[in-house]
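Please take a moment to look at the sequence and the structure before we go through them together.

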Amino acid sequence: MYNLIILLGCFLCVTGSPYLRTAILIEKRTDFGQNLFFRGGLDYSRREGCDNATSLDTNPCAIPIEHAIYLNDEYKAANAWAEGDNFLDWLGAEPGQGNWTNIPASGSPAIWTTNDPRQETFNIFNTYRDHYWLLHVELDCGKTLNGFFEVKGFLDGQWENDINQEKKCSGTESVQKPFESRNHIAKCGAKNVFHFNDGACEISKFD
């Protein structure tokens, strides 16, 4: 069984805060030693002033986040990369973002999870099988587009392929696709489940 500690910060925000607990899972079978990172926010075409040269603090397409930190030895690398990772954005390591054994982050670090409660990497958000990579954060819904944002996996220096997401996701928060995108489209404040290089999706309320 895993142990969890929540970083102080937006997990303790006052009522009415735009930050909401948000989980993003992407199913991707990986080999030992591989690490999946997530990049995202809003596509630069959606708002004026979005580009790679703009500071993340003022980039209207970067979305502030606060990581949940899971305390077990399997996640030492992800926890190190989570330090100083303050935005969901389309770039690699942020200025001041942590590294692991001198290896820089390639985005926001995800953790490998299983639905097997006998394993250290069991996670309650994973009700499926092995190989679901999880990004569990408090996310600033006020910086999304009507509650929605975009995300894509990044593995071994390679992006996911362009995504043609289903017009309507399954799940208890199922809604029509709010806009066209080449990325996965997720909802702030919900559990979002995707598959690497695939348009299938599930969006649900937290149990």
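Beyond its neighbours within four places in sequence, Asn183 is in contact with Asp43, Trp90, Glu150, Val151, Lys152, Ile163 and Gln165. One of these partners, Lys152, is also joined to Asn183 by a side-chain polar contact of 3.3 Å. Asn183 itself sits in the loop between strand 12 (158-159) and strand 13 (184-187). Is this residue buried or exposed? Asn183 counts as buried, because its relative accessibility is 7%.

The mean pLDDT of the protein is 92, and 92% of its residues reach 70 or more. Residues 8-14 need a separate word: there pLDDT stays under 50, and the model has 12 contacts beyond four places in sequence for them. Where pLDDT is low, the predicted coordinates should not be read in detail.

The largest nonpolar core has 27 residues, and Ile24, Leu36, Phe38, Leu139, Phe149 and Phe194 have the most contacts inside it. Several strands give two or more residues to this core, among them strand 2 (19-27), strand 3 (36-41) and strand 11 (148-155). The largest share, four residues, comes from strand 10. A second, separate core holds 12 residues, including Ala78, Ile111, Tyr132 and Phe206.

How are the strands arranged around strand 2? Strand 2 and strand 10 run antiparallel and are joined by nine bridges; Thr22 stands opposite Val137 in strand 10. With strand 14 (residues 191-195), strand 2 pairs in the parallel sense over five bridges, and here Ile26 stands opposite Phe194.

Finally, the aromatic residues. How many aromatic pairs does the structure hold? There are six aromatic pairs. Tyr70 and Tyr75 form an edge-to-face pair, with 6.4 Å centre to centre and 75° between the planes, and both residues are buried. Phe125 and Phe206 form a tilted pair, at 5.6 Å centre to centre and 55° between the planes. Phe125 lies in the loop between strand 9 (111-113) and strand 10, and Phe206 in the segment after strand 15, so this pair ties together parts that are 81 residues apart in sequence. Phe125 is buried, with a relative accessible area of 8%. Ring pairs also link Trp90, Phe154 and Trp159 into a cluster; Trp90 is among the contacts of Asn183, the residue with which we began.

Terms used:
Residues numbered from 1 in each chain as written. Predicted model: local features only at pLDDT ≥ 70, side-chain atom pairs only at ≥ 80, totals over all residues. Heavy atoms only, no water. pLDDT = per-residue confidence, 0-100. Contact = heavy atoms within 4.5 Å. Buried < 20%, exposed > 50% of the residue type's maximum accessible area, 1.4 Å probe, protein only. Polar contact = N/O pair within 3.5 Å; in protein donor to acceptor, adjacent residues only side chain to side chain. Core = buried A, V, L, I, M, F, W, Y, C linked by side-chain atoms within 4.5 Å. Pairing = 2+ DSSP bridges. Phe/Tyr/Trp six-rings, centres within 6.5 Å; stacked < 30°, edge-to-face > 60°.
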